[in-house]
There are 2 protein chains.
Amino acid sequence: MTTMRTALRLRGLLEVLRHVHAAPAVTRAGLARELGLSRSSATEIVGRLRALALVEETEAAPTGERGRPTTVLGPHPEGPVVAAFEITQGTWKSAVAGLGGEQERVTERPHGRVDALDLVAERLGELAAELGPRLRAAGVAVPGTLSGGRVVQAVHLGWDVVDVAAELGASVPVVVRNDATLAGVAEARRGAARDRAAALHLTAVDVGIGGVLIDGGSPVAGGTGAGGEFGHLPFGDPAAACPCGASGCWELEVNAAALAGRGPAAVARSLGRGIGGLVNALDPTAVTLSGLAADLLGSDRETVEEAYAAALMSYRRAAPPPLLAARFPYDGPLRGAAELAYDTVLSEAGLTSWQAARGG
Amino acid sequence: MTTMRTALRLRGLLEVLRHVHAAPAVTRAGLARELGLSRSSATEIVGRLRALALVEETEAAPTGERGRPTTVLGPHPEGPVVAAFEITQGTWKSAVAGLGGEQERVTERPHGRVDALDLVAERLGELAAELGPRLRAAGVAVPGTLSGGRVVQAVHLGWDVVDVAAELGASVPVVVRNDATLAGVAEARRGAARDRAAALHLTAVDVGIGGVLIDGGSPVAGGTGAGGEFGHLPFGDPAAACPCGASGCWELEVNAAALAGRGPAAVARSLGRGIGGLVNALDPTAVTLSGLAADLLGSDRETVEEAYAAALMSYRRAAPPPLLAARFPYDGPLRGAAELAYDTVLSEAGLTSWQAARGG
DNA sequence: CTTATTATGTTCGTCTACCGAGCATATTCG
DNA sequence: CGAATATGCTCGGTAGACGAACATAATAAG
């Protein structure tokens, strides 16, 4: 009959909280300036955030500028946190992150492939027990293709179709994404592509290429979350069959075997050519590279850049988007998993449930 | 000193107005349901919108359902409108559109290429004189590559670098986009891909392929607005040089000359293969096609679908995104231009200036 | 035909997020 | 040292949204 909307009005709150997350150590006046609020509102909102144990003030280093000195805002020691996991071919990592994205309790251990999810589930259970209601969500980076939350192809792990979130049996929301996608998220939010309007990330590992296009800070996920499988664009020889079922896939020419067989120069050319085509089509303002792609950029930048330039539409050659080595070559997926998991905290539903959990 | 923010609080207003634009003929109760407002708020907001000459009530056809009958909301006869233009190889079109996207005063006339912009400028002047302060913005669809608001390549028109907005010398904001991008916007918002979370649109014309990826209703524009130049992905023979400066471009294999030279079957295969690769990489839930691509879909659907399926990663073949003929094969760019132009009206700045222009 | 049910829209009192002005505070600059 | 500058807090005011209650007008049930 009447609307069921208990929803508090927390849009202003959420905006401020997101800003603190994106740029910690901000002041109230800074918030007011950057979000277009009045200083009095900034004060009031921060007061509410403190009461909710969402932010805390800490001493700031003196700036040397004029004006009244002030404290800066950061994560609350009893605030909400998320667990992040990264499953790779032989090991699995875990970490805990709060507001601002700082990683804590980072671990890395080996697994035996099929038991990887059991180990992750166990660790998630430990963290849930330790952190109690502070743990709000989990993010998992998986080296495989995803569709609608399920892993549908993971050659590294020998998995069949797996619903990771269901397998973990967690009591908190679980976000599962492809590892290269998450690495791209980390680069766009806190890494080499920070503050770029649009960024393309590419990770090449020994057997494939993945990545993601970031537009305005958010990954362009596609309809089922499978966006970013750039390795299966037919840039290569149409006669070459790919284990994915298609043929001529780009990643058949950019992998460890090709490096050994055809030599680094051929692989570097193939990489550069594909990047050029993707830049033509997707128009990023920067391209971040990790894994094999970053290695080639380091060892044979000239070849990569030459093939890249040749593949660009000529009008682009005057100012091509730069090719940047990733800032997080080792833990990009883990960091990205934490970012997307924390996004669920920084939502209306997330804040409402946090408030409810604290009995407010 | 104090914040300069005169900005009215019109977020609720804007949400309601956007909803009316996206789905005209909605009721107050429908707004409340779909936007999570109370009915009393819906009443109040609609009252403000009527006072601002932004919406008007019109009689609704009886539904046959229970409950009190009601009027529905639509565009106000004195409300804000935008001008839309489409420049093609030999002709130019113009139209006027208001809330809800309905097109009025549609014209189509020939031009002599270099004078196209003069003709458009003249018509825009006429419309500005007639419509007065009701005219809020203009959108222009151009058959060329854009970068940062400027046309950098337009083989159809023989233009050099042209700043369309500046050339028009308009007194209202001007949005300039690639024609295929705008056709995709029209399909996603009001056409064949309506209500799809992610849609890929491809237009193939006699000399090239353009398109756009739509994610959540908005075009993924890229950093400079040049996103969607899918024709310059290197899906083709690496030895074939493209006028764009790159080589092996997809559009060299999918155009009128290829159709005549290599036959429709070869072109259909090339089209299907490229679409498959793009679906792998971008993960749309539907693909809309127009121009040559829609023709091939009509005349040789089997060949296109076969090549499409073969290029998909095998896990996708169980439920591939459907290939759909465009709903607006003739005026997609014009409609898309109106949509993006109207987006500037449906913004905080747009509403603030509308209110100011009405002396309120 | 009469009454019950259902859905829409309106009125009114209340609440709250945000604003602007003014003030206290603490630094650097001259 | 005083002047200038910047930050944060207090306080009264306002506008947008809410919930409860009511009026209205259709269909469904008797």
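Copies of a chain are superposed here by least squares on the C-alpha atoms of residues with pLDDT of at least 70 in both. With that in place, a rotation of 180° with 0.0 Å of shift along its axis brings chain B onto chain A, at an RMSD of 0.0 Å. That is the relation of a two-fold axis.

Before I continue, a word on the source. This is a predicted model, in which local features need pLDDT of at least 70, side-chain atom pairs count only at pLDDT 80 or more, and totals for chains, interfaces and linings use all residues. Residues are numbered from 1 along each chain as its sequence is written, and chains are lettered from A and ligands numbered from 1 in the order in which they are written.

Let me turn to the two protein chains. Which residue of chain B comes closest to the rotation axis? It is Phe235(B), whose C-alpha lies at 2.6 Å. The same surface serves both copies, since 100% of the contact residues of chain B recur in chain A. Two residues are in contact if their C-beta atoms, placed from the backbone, lie within 7 Å. On that basis, 42 residues of chain B are in contact with 42 residues of chain A.

On the side of chain B that touches chain A, at least two residues each come from strand S7 (145–147), strand S8 (150–153), helix H8 (264–282) and helix H10 (301–311) of chain B. Helices (H or I, at least four residues) and strands (E, at least two) are DSSP runs, numbered from the N terminus. H8(B) supplies the largest share of this side, six residues. By class, the side has 20 nonpolar, 17 polar and five charged residues. Here Ala, Val, Leu, Ile, Met, Phe, Trp, Tyr, Cys and Pro count as nonpolar, Asp, Glu, Lys and Arg as charged, and the others, Gly among them, as polar.

Next, the DNA. DNA strand D is surrounded by 28 residues, and the closest are Arg28(A), Gly67(A), Thr70(A), Gly12(B) and Ser41(B). A residue is near a strand if its C-beta atom, placed from the backbone, lies within 6 Å of it. Two or more residues of this surface come from each of helix H2 (28–35) and helix H3 (39–51) of chain A, and helix H1 (11–22) and helix H3 (39–51) of chain B. H3(B) gives the most, with four residues. The surface near DNA strand D divides into five nonpolar, 13 polar and 10 charged residues.

I now come to a sheet in chain A. Five strands form an open, mixed sheet in the order S12-S11-S10-S13-S14; strands pair if DSSP finds at least two bridges between them. Strand S12 (218–219) and strand S14 (323–325) of chain A stand at the edges, each with a single partner strand, so one side of each is left without a neighbour in the sheet. Strand S13 (286–291) and S14 of chain A run parallel, joined by three bridges, and Leu289(A) stands opposite Ala325(A) in S14(A).

Finally, a detail of the backbone. Most residues other than glycine have a negative phi. Ala53(A), however, has a positive phi of about 60°, and Ala53(B) has a positive phi near 60°. Ala53(A) is found in the loop between H3 and strand S1 (55–58) of chain A.
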